[in-house]
Amino acid sequence: MITLFIVVLGIIMIMAALMAIYQKNLLSAIVASGVISLLASVIYILLAAPDVAMTEAAIGSGLTTIVFLYTLNKINKIKAKK
Amino acid sequence: MVKQLFIIITLVFLVIMLLPLMTEVKPFEDLSLVSQKYVNAGPDELGSQNLVTAVVVTYRGLDTLGEVAVLFIATAGIGFFLRKKAVEEKDMKSKASVLVRTGTALLLPLILLLGVYIFLHGHLTPGGGFQGGVVIASGILLLMLAQSDIKINISLLYWIESLSGAFYVIIGILGLALAGGFLDNRFLPLGDFGRLFSAGAIPIIYSLIGLKVGAELVGILNNMQRSQ
């Protein structure tokens with residue numbers, strides 16, 4: 001049962017990764033890369049590694065996404081000025 | 001055409017090299033010798049309920065010191081590159097919506113409390129300095145989003161960061177002088193197994209790491225927000 005769940009999560013992760021690469025809209029690509037980290041942290045919990053899961057959820061899907069969003073915001077502002 | 005051919009040849013070679021990994025490797029049934037030593041002797045030797053923390057802070061404490069140093073260098077680099085063009089922006093004054101501001105006022109104390117809880121209880125429950133520090137930084141980030149004209153006291157951040165880093169190394173040297181080795185936690189009494197004040201110096205070390213990581217990440221976010 002857990003194996004099936006992990007396989008499903010893995011498939012969704014691969015799809016999100018492809019979306020992060022091929023998506024033309026950068027905002028969606030950033031959100032997709034955040035989804036990868038979130039699902040990875042769920043898998044870590046299923047594999048009984050809560051310490052790693054906390055790190056992954058906080059840094060991978062929280063802080064990294066925010067830093068990317070800040071950068072995207074700056075780039076858009078600079079583009080709008082020109 | 002030639003380029004694509006190269007790519008295909010490389011991929012085929014990779015498949016040939018990695019195929020045995022899929023078919024022949026069996027999952028480990030037993031722990032390795034080092035892991036057995038940690039699992040059997042860890043709780044008695046170090047008095048830490050969360051064995052992961054015991055390994056990260058004490059047995060592999062030098063690696064953790066390296067990680068903290070890497071994070072410090074990354075922060076310094078980001079500060080160096082982004083501060084060059086730092087300009088006080090006028091259009092940062094745009095106000096956040098009522099939802100964000102009210103939600104921040106409600107959630108910020110809880111988030112900070114959760115962060116402190118995570119690194120204070122690192123030796124009892126999952127989590128520790130890095131996770132707690134990131135949670136604190138995300139709370140401050142919420143504050144920055146809600147009130148974009150807020151001024152973070154940067155010199156206070158630098159003081160927290162450098163003092164906690166220095167005390168981390170001092171505690172490591174105390175372990176070397178008074179107990180078994182560098183970053184040994186047993187120069188303080190181990191206490192009762194599973195209580196808050198137990199496991200020697202592990203809670204102190206993890207609190208210092210939590211403060212340091214939190215201060216560094218807030219510094220990064222502050223640089224990102226203010227740079228042009």
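Predicted model: local features only at pLDDT ≥ 70, side-chain atom pairs only at ≥ 80, totals over all residues.
B:T53, B:V57 and B:T58 are the contributors from α3(B). B:I202, B:I205 and B:Y206 face them from α8(B). By class, this contact holds four nonpolar residues, two polar residues and no charged residue. Helix α3 of chain B covers residues 51–59, and helix α8 of chain B covers residues 202–226. Their axes come within 11 Å and cross at roughly 80 degrees. An angle from 65 to 115 degrees counts as roughly perpendicular, and α3(B) and α8(B) are therefore roughly perpendicular to each other.

In sequence, B:L188 and B:I202 are 14 residues apart. In space, their C-alpha atoms are 9.5 Å apart. With residues up to four places away in sequence left out, B:L188 touches B:G200 and B:A201. B:L188 has 19 other C-beta atoms within 10 Å. A buried residue needs 20 or more, so B:L188 is classed as partly exposed.

B:E45 belongs to helix α2 (residues 33–46) of chain B. B:E45 and B:L190 are separated by 145 residues in sequence. B:E45 is partly exposed, because 18 other C-beta atoms lie within 10 Å.

In chain A, helix α2 (residues 26–46) packs along helix α3 (residues 50–81), with axes that come within 7 Å and cross at roughly 175 degrees. Angles over 145 degrees count as roughly antiparallel, which is why α2(A) and α3(A) are described as roughly antiparallel. On the α2(A) side, the contact residues include A:L26, A:L27, A:I30, A:G34 and A:S37. A:L38, A:A40, A:S41, A:Y44 and A:I45 are also part of the α2(A) side. On the α3(A) side, the contact includes A:P50, A:V52, A:A53, A:E56, A:A57 and A:G60. A:S61, A:T65, A:F68, A:L69 and A:L72 are also contributed by α3(A). The contact of α2(A) with α3(A) comprises 14 nonpolar, six polar and one charged residue.

The loop between α2 and α3 of chain A contains A:A48. The phi angle of A:A48 is near 65 degrees, a positive value in a residue other than glycine. Most residues other than glycine have a negative phi. A:A48 has 7 C-beta neighbours inside 10 Å and therefore counts as exposed.

Helix α1 of chain A covers residues 2–22. At 1.5 Å a residue, its 21 residues should span 30 Å. Helix α1(A) is hardly covered, with one buried residue among its 21 residues.

Chains A and B also touch each other. Eleven residues of chain A and 14 residues of chain B take part in this contact. On the chain A side, eight residues are nonpolar, two are polar and one is charged.

Confidence was examined for chain A. Its mean pLDDT is 87, and 100% of the residues score at least 70. Within chain A, confidence is highest in α2(A), at a mean of 90. Confidence is lowest in α3(A), at a mean of 85.

Terms used:
Residues numbered from 1 in each chain as written. Chains lettered and ligands numbered in written order. Contact = placed C-beta atoms within 7 Å. Nonpolar A, V, L, I, M, F, W, Y, C, P; charged D, E, K, R; others polar. Axes fitted to C-alpha atoms, helices over the stretch in contact; angles between N-to-C directions. Helix = DSSP H or I, 4+ residues; strand = E, 2+ residues; numbered from the N terminus. Parallel < 35°, antiparallel > 145°, perpendicular 65-115°, else oblique. pLDDT = per-residue confidence, 0-100. Expected span 1.5 Å × (residues − 1). Buried ≥ 20, exposed ≤ 12 C-beta atoms within 10 Å, placed from the backbone.
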